[in-house]
Structure formats: C-alpha cells, structure tokens
Amino acid sequence: MRALSKIASSLKPSATMAVNAAVKQMRAAGEEVFSFGGGEPDWPTPDNICQAGIQAIQEGFTKYTPASGTPELRSAIAERLREDYGLDYESGQIIITSGGKHAIYVALCCLLDQGDEVILPAPYWVSYHEAIRMAGGTPVVVYAPEEQGFKLTASQLEAAVTPRTKLFLLNNPGNPTGAVYTREELEALAAVCKKFDLYVLSDEMYGKLVYDDAELVSFPSLSQDACQRTVLINGASKAYAMTGWRIGYAAAPKHIAAAMDG
C-alpha cells in the first residue's frame, strides 16, 4: 500500500488517549484510579437539555442544516456572549463546529500559511501543538512556570515574536493548569499583539468553570482592536456537561468568519 500523507505520518499519538487507555486497563485490573486525562465534567447533561434533544428528534429535526449552524443557534450564541461578556457579535460571525477542537483547527487553517509561527504558552492542551502543525504552522512553545501562576507574561510574549510570528494562542482558563488571567495581564498581552499585529486564538472553553474570586475576562472584550484580531473558541462541552454532543463554536471578525464558513 502507498504511504499516508507526510502530515498524517508525522502526527504524534494523543497523550490524552494514552492516559485514558491506561486508566481503563488499571481499573479493569481492580486498581482504584483517579483519571487526569480527558477534561470532562463528572455529572450528566442536565435533563432539560436531554429532553429538548429528544423532542427535536421526535419532531423530525434530523435533516441537513447549514454547515455553519442554524440561524437560531448562531443568534442564541451571539446573545449569550452579549449577556455574559458584553461582546457584540452578529449571528453571521458565529460558526458552529463539531466540538471545540474542530473550531480550533478550522480557524488555524484559515489564518496560517506554511511556516507561520504560533506562540503557544506551556503547559498546554496536547492537541494544540499537532493542530498547529497540521495547519502548516510552526509551534513556538514558551514555558510559563508555576512561580508566575502558569501564565505567560507580556515580556515573554514579546521576546518570542519573530518576523514569522502570525498568531498567539491563548487558553484562558488554562487546560491543564486552571490558571485564570486577570484583566491587567490580558491587557498587557493585547498591547503586544497590537504592536506586532498578531492574530489571537482565544480558547475559553472552560470559561464557566471558574471558582473562588476568579473572574473570566473574555479576551475580545478588552477593546475594539482586541476583538478585531481575535477568534474566540468556546462550546457546550464543559459549561453544560455536553462533551459527547460535540457542539463547539467560533466567534470571529466578519472576514475570518466568512472564510471559516466557506
């Protein structure tokens, strides 16, 4: 048989899947194991959501929808973002995807050319690195140590920028660390992105899972400039315990949303 593509052949196996497989094997052997693999709420999807899904199926809502999502869902997400974070997106700027990972990959494919560099703070969710490579980009990993709360500083971001840097990938709240950036920290990062004209991919999938005195400040809410250079990633998986439903979305400037819709 002929070889797979170079991209497929170069991909590294998912560390998350490897951990999940090891957990299942250990549990089958009778060991008590607490899994720190896949990020999944330990409660079921709320009953009212399940009943709405069942009702939709029973009413025949099983035909093709637009690839970018139904107008009703896109409008509802735009309204949710407006109420939660003061973000003013039109429904056409919302792109529905098959989970957050799909939204991230499509956004990267629309933003990156071969060899473009993406600054990726570490520790990071393992899928980011390979998604960047699959989209033709080059991950530039910058470590944010525990002493600074696992959060990248503006000076670190600026030091990592080169003429090939095109995008900064921000995960807030952070997976796997749970780090939450303050408004002041985000504003400093936004200033660097503006200085070097960087796109920002802000993955805020864990935005509803913040505790104590922490508050999520959505990156595109910082300023008009931040909003115009940011693709916001979110979805239903974590906030509503709907991981298996595979519902993600991106909110983006009009020209990027149009490319993702294509």
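Guide: What follows is a set of questions on terms, each answered by setting a value against its definition.

Visitor: What kind of model is this, and which residues count for local features?

Guide: This is a predicted model, in which local features need pLDDT of at least 70 and side-chain atom pairs count only at pLDDT 80 or more, whereas totals for chains, interfaces and linings use all residues. Residues are numbered from 1 along each chain as its sequence is written, and side-chain values use heavy atoms, with hydrogens and water left out.

Visitor: What makes the seven strands a sheet, and in which order do they stand?

Guide: Helices (H or I, at least four residues) and strands (E, at least two) are DSSP runs numbered from the N terminus, and two strands pair if DSSP finds at least two bridges between them. Seven strands form an open sheet in the order 1-7-6-5-4-2-3, with mixed pairing. Strand 1 (94–97) and strand 3 (138–143) each have a single partner strand and stand at the edges, so one side of each is left without a neighbour in the sheet. From one strand to the next, the twist averages 20 degrees.

Visitor: How many bridges does strand 4 make with strand 2, and how many with strand 5?

Guide: Strand 2 (residues 117–122) pairs with strand 4 in the parallel sense over three bridges, and Val 118 stands opposite Leu 167 in strand 4. Strand 4 and strand 5 (residues 199–203) pair in the parallel sense over five bridges, where Ser 202 in strand 5 is the bridge partner of Leu 170.

Visitor: Why is Ser 237 called buried?

Guide: Buried means under 20% relative accessible area, exposed over 50%, and partly exposed in between, for a 1.4 Å probe and protein chains only. Ser 237 has 5% relative accessibility and therefore counts as buried. Ser 237 lies in the loop between strand 6 and strand 7, and, not counting residues up to four places away in sequence, it touches Pro 41, Met 205, Met 242, Thr 243 and Ile 247, where contact means heavy atoms within 4.5 Å.

Visitor: Why is Ala 8 called partly exposed?

Guide: The relative accessibility of Ala 8 is 36%, so Ala 8 counts as partly exposed. Ala 8 lies in helix 1 (residues 6–10).

Visitor: Why is the pair of Trp 125 and Tyr 128 called edge-to-face?

Guide: Rings of Phe, Tyr and Trp (its six-membered ring) pair if their centres lie within 6.5 Å, and planes under 30 degrees apart count as stacked, over 60 as edge-to-face and the rest as tilted. A search of the whole structure finds one aromatic pair. The ring centres of Trp 125 and Tyr 128 are 5.2 Å apart and the planes stand at 90 degrees, so the pair is edge-to-face. Trp 125 is partly exposed, with a relative accessible area of 21%, whereas Tyr 128, at 2% relative accessibility, counts as buried.

Visitor: Why are helix 5 and helix 10 called roughly perpendicular?

Guide: Axes are lines fitted to C-alpha atoms, for helices over the stretch in contact, and angles run from 0 to 180 degrees between N-to-C directions. Angles under 35 degrees count as roughly parallel, over 145 as roughly antiparallel, 65 to 115 as roughly perpendicular and the rest as oblique. Helix 5 (residues 100–111) and helix 10 (residues 254–261) pack at an angle of about 110 degrees, with their axes 9 Å apart, and the two helices are therefore roughly perpendicular to each other.

Visitor: Which residues of helix 5 and helix 10 meet?

Guide: Ala 103, Val 106, Ala 107, Cys 110 and Leu 111 in helix 5 meet Ile 256, Ala 259 and Met 260 in helix 10. Ile 256 is buried, with a relative accessible area of 2%.
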